[in-house]
Amino acid sequence: MVQVTFLPGKRAIEVSEGSTVMEAAIAAGVPLESTCGGRGTCGKCKVQVDPTLVDPALDMGKFLSDSERKAGWVLACRYKVAEDLIVNLSESKDAHQRKTNLSQLEDIDLAPSVKKYELKLAKPTVHDQTPDWDRLMAALPSPKIHFNRTLAAGLPQILHQSNFHVTAVVDGNALLAVEPGDTTQKSHGLAIDIGTTTTVVYLVDLLQGKILDSDALTNPQRVFGADVISRITHAAKGPEQLQQLQTVVVEGLNTIISRLCKRNDLKQEDIYQAVVVGNTTMSHLFLGIDPTYLAPAPFIPVFRQSVQVKAAELGLNILKTGHVVVVPNVAGYVGADTVGVMIAAKVDQLPGYTLAVDIGTNGEIILAGGKRILTCSTAAGPAFEGAEIKYGMRAADGAIERVKITDDVELAVIGNAKPIGICGSGLIDAIAQMAEAGVIHESGRIVNTPEDLAKLPPKLQERIRNAEGGYEFVLAWEKDTGLKEDVVLTQKDVRELQLAKGAILAGIKILMKEMGIGLEQLDRVLLAGAFGNYISKEAALRIGLLPDVPLEKIRAIGNAAGDGAKMILLSKEERKRAALLAELAEHLELSTRSDFQEEFIEALSFEK
């Protein structure tokens with residue numbers, strides 16, 4: 001065995017000789033960027049070790065410069081540990097807090113399933129020898145509460161120490177806790193959105209229906225790959241790998257919960273319930289359920305219905321006997337997060353026809369109207385989240401989020417920092433601007449012929465160059481970046497975005513065809529997800545990500561999946577509605593549609 005120590009933080013782990021640094025990082029719970037899942041194809045898992053320990057012949061692909069190699073930079077997925085090793089991690093920017101708005105919910109009938117009852121019980125006497133549990137039950141309005149061995153074990157001490165003045169916490173037919181004195185003025189729950197890229201948690205006051213606080217971090221499963229297929233592939237290797245995926249996401253949630261409790265002066269026992277949304281794969285992995293057969297056709301999940309388990313079963317740091325409710329899924333690639341969007345957007349209650357698009361690592365689409373709800377999922381890939389893009393990154397400080405091209409290029413960067421990469425909203429902006437300026441042809445090709453270049457301003461001409469992997473466009477010169485190199489968009493990057501946007505637009509057109517409506521019948525287009533809040537509607541239309549509808553019909557609705565989780569947490573009726581909508585939704589499997597490929601090819605164009 002050899003010891004690997006990660007800096008900063010001095011987290012150490014013993015691993016078998018020959019293990020990769022990435023395997024050591026996973027074992028130590030150290031987050032590493034790896035959008036390809038350790039296959040050595042993304043180059044994002046750079047770490048630094050003692051240069052004298054690195055074999056110059058070690059294959060690192062084309063991801064490291066000569067100066068980086070000399071300084072001891074290696075790819076964690078390719079460098080194998082032969083002796084005790086100290087590893088310096090490159091600075092990692094966590095997810096920008098874009099999904100954590102504290103917008104309050106409106107028009108909701110506050111009726112959480114968690115209820116609290118202040119009880120002043122008669123003390124036992126020789127004339128009243130009623131058992132403690134029966135005495136407590138007799139004072140509660142529901143006679144059907146199940147016996148709880150864990151609570152019964154400590155009940156005598158709580159009753160006697162509180163002089164038989166207690167508060168019972170009840171959820172449905174379950175007694176969650178018995179607390180000394182009157183605690184009826186405090187009741188909290190969590191709404192959790194487990195995204196493939198970002199995990200966000202909202203702290204909710206169940207009594208007032210108020211969102212008190214929120215926090216987010218990058219989903220720590222990302223070390224196993226940026227997309228769900230990579231994670232399914234890892235989970236399919238065996239029970240240990242499945243457990244790894246479940247453990248890291250719960251540990252990530254517990255990190256957020258700890259921060260929320262500290263900021264709001266709460267103990268974890270003060271949180272009685274959590275409602276969880278996520279895509280179908282995330283729901284399976286959160287529960288530790290094997291998702292192997294979600295990947296190949298016919299894409300079969302293990303479960304669809306709502307699932308309720310005790311927090312202690314999952315290791316989630318709320319009240320151990322508290323309930324964790326996972327919202328129902330629709331199909332293998334349309335999950336609880338999409339049901340959350342349906343709930344928050346009220347797609348079943350709006351007049352006319354509503355198109356809702358949740359653009360993230362996956363693209364889920366809802367078309368509702370005419371007493372029908374159609375859904376589909378497109379294989380958009382993770383390009384919108386910055387994965388598979390040469391300088392792609394999450395929406396964190398240093399990410400280009402806006403691009404304007406006139407005679408030259410103007411950038412807006414998150415955190416007003418020097419650019420180190422580009423996030424999804426910046427990518428859409430950049431390619432829309434490049435298409436409008438004539439930097440890319442309607443086919444998606446970066447222009448490079450003398451005739452095409454002559455039509456561009458001189459400074460834009462200078463930004464187009466032929467590099468080793470093909471033509472690229474310089475967004476930021478080295479002197480202006482936070483790196484020691486230019487930040488560019490490559491021809492491959494343009495193609496990645498082209499494939500993603502083409503898949504989404506084709507999916508939309510298929511749903512409209514199935515519903516039997518034309519563009520003029522669409523009453524509204526709702527952009528769900530934090531990403532939808534930040535992309536330019538004009539840019540989305542310019543690149544053909546969305547159907548060509550009037551701009552005023554397009555509206556961003558924020559993290560609707562998270563809002564749906566909040567509503568289900570706060571209302572038993574919304575929880576019932578979630579189950580109903582999941583059942584009513586008609587899922588279209590695009591891979592079985594003979595017309596999808598035709599629509600997809602047509603949707604690839606950047607033609608204005």
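The chain contains 18 helices and 26 strands; helices (H or I, at least four residues) and strands (E, at least two) are DSSP runs, numbered from the N terminus. The model is a predicted one, in which local features need pLDDT of at least 70 and side-chain atom pairs count only at pLDDT 80 or more, while totals for chains, interfaces and linings use all residues. Residues are numbered from 1 along each chain as its sequence is written, and side-chain values use heavy atoms, with hydrogens and water left out.

The overall form may be considered next. For 608 residues, a compact globule would have a radius of gyration near 25 Å, and the value of 26 Å for the chain agrees with this. The radius is taken over C-alpha atoms, and the globule rule is 2.2 Å times the number of residues to the power 0.38. Along its principal axes, the C-alpha trace spans about 105 × 65 × 45 Å. Of the 608 residues, 57% are buried; buried means under 20% relative accessible area, exposed over 50%, and partly exposed in between (1.4 Å probe, protein chains only). Among contacts with a separation of 6 or more, 67% are made by residues 24 or more positions apart, where contact means heavy atoms within 4.5 Å.

The surface and the charges complete this overview. The chain exposes about 25900 Å², of which carbon and sulfur atoms supply 51%; such areas come from the Shrake-Rupley method with a 1.4 Å probe, and for residues only the protein chains shown count as cover. The 64 positive and 77 negative charges have mean positions 2 Å apart. Here Lys and Arg count as positive and Asp and Glu as negative, whereas His and the chain ends are not counted. The place of a charge is taken as NZ of Lys, CZ of Arg, CG of Asp or CD of Glu.

Strands of a sheet pair through backbone hydrogen bonds, either parallel or antiparallel. Two strands pair if DSSP finds at least two bridges between them; β18 (residues 399-405) and β20 pair in the parallel sense over 2 bridges. Within β20, Gly421 stands opposite Ala399.

Elsewhere, strand β15 (residues 353-359) contains Asp358. Asp358 is buried, with a relative accessible area of 13%. Beyond its neighbours within four places in sequence, Asp358 is in contact with Val341, Gly363, Glu364, Ala528 and Gly529.

Helix α5 (residues 228-235) has 6 of its 8 residues buried, so α5 is largely enclosed by the rest of the structure. The buried residues are Val228, Ser230, Arg231, Ile232, His234 and Ala235. Their cover includes α6 (239-263) and α7.

The backbone also deserves attention. Most residues other than glycine have a negative phi, and most peptide bonds are trans. Phe164, although not a glycine, has a positive phi of about 65 degrees. Phe164 belongs to the loop between α4 (149-161) and β7 (165-171) and is buried, with a relative accessible area of 3%. Lys346 likewise has a positive phi, near 55 degrees, and is found in the loop between α9 (336-345) and β15. Finally, a cis peptide bond with omega of about 10 degrees joins Ala297 and Pro298; Pro298 is placed in the loop between α7 (280-287) and β13 (307-310).
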